[in-house]
Amino acid sequence: MVDHDTELDELFAVARRQRDHLPEGLAGRMMADAAQVHSEQSLPEQPRQRPVWLQVFDFLGGWRGVGGLATACAAGIWIGLAPPSFLPDPLDLLLQQDETELISDLTLSELYME
Amino acid sequence: MEDLTSIPSPARGGSAVAGEVSDDALLVLFANGDQAAARDLTSRLGPRCYSVAMRMLGNPAEAEDVAQEAMMRLWRIAPDWRSGQAKVSTWLYRVTLNLCMDIKRRKPHAALDAVPEPRDQAMTAPERMQEEARVDALQSALMQLPDRQRQAVVLRHIEELSNPEIAGIMGISVEAVESLTARGKRALAKALAGRREELGYDDG
């Protein structure tokens, strides 16, 4: 059994002599992979897409622009609801127009009836 | 393509960064974009992967694929590698063994290819033939072992790792490693018993 162990150890020693061997081209392929991974990892990171509402916010001029727009809207609504005395009341104008359209519709339908 | 023979070994002081630098540190250098570190890691660890894959599979083409894939996984994990968490070589041996098992599961009855072993130019033709015959015989005997015994024997007697390190790689106790290597060696001796004369070992 001792002899067999010695022989086995000799066979292991033979295998160990071939342990540091790499087949031709394999080291090159390994390093090419490494270079590929390097190039993948060094690609500039894509800037993250800003949300749509932030893009609209920026388009309107940021806080300053949106603030001005909000003030203008509020003033418009206020003028619409409580116009200064020298301007006609838009509510009255609207009602007048509706009445006119109603009359003209009636007239037309009466015409068709006849 | 570059052959490893042209790569200066870190052990011989071929690189400015290698030599006393650990695998761990080289991996960090690689993650920081150092291509020289890739060269040093390839020369240190590439042959380890190929050698183990070759002894586990007995097929040079498959062993090359496994070794290349194992190193690819090392390159990819580099940015997330935590220094000091595990030994790079332990991790790589485990990846290599797992890849070998994947191949064996896909091709359970793969035929053993003829194994062209590297040639030592200093040997005479008869010496070389005998060496090749011995390696072929050992490989054939290894292929007859159950997978776990073959893993333990290869890591212990060809890669010359310590039992605790093998236990870490295989995820078993040191006692289990000792048992696997002992049973593996007995089975190898039995498989090779009838070939002593053929391999140049005289009886008596």
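This note sets out points on the folding elements, surface and cavities of a predicted model.

1. Basis. The model is predicted: local features need pLDDT of at least 70, side-chain atom pairs count only at pLDDT 80 or more, and totals for chains, interfaces and linings use all residues. Residues are numbered from 1 along each chain as its sequence is written, chains are lettered from A in the order in which they are written, and side-chain values use heavy atoms, without hydrogens and water.

2. Chain A. This chain has five helices and zero strands (DSSP runs of H or I, at least four residues, and of E, at least two). Of its 114 residues, 19% count as buried, that is, under 20% relative accessible area with a 1.4 Å probe and protein chains only.

3. Surface patch. A:Val52, A:Val56, A:Phe59, A:Leu60 and A:Leu69 form a nonpolar patch on the surface (residues with over 30% relative accessible area and no salt bridge, nonpolar side chains being joined within 5 Å; a salt bridge is a side-chain nitrogen of Lys or Arg within 4 Å of a carboxyl oxygen of Asp or Glu). Helix H3 (residues 52-59) of chain A gives the most to this patch, with three residues. A:Leu69 lies in helix H4 (residues 62-81) of chain A.

4. Cavity. H4(B) gives the most to the lining, with four residues.

Terms used
Patch = residues over 30% accessible without salt bridge, like charges linked within 9 Å, V, L, I, M, F, W, Y side chains within 5 Å. Areas by Shrake-Rupley, 256 points an atom, 1.4 Å probe, with all protein chains shown as cover. Buried < 20%, exposed > 50% of the residue type's maximum accessible area, 1.4 Å probe, protein only.
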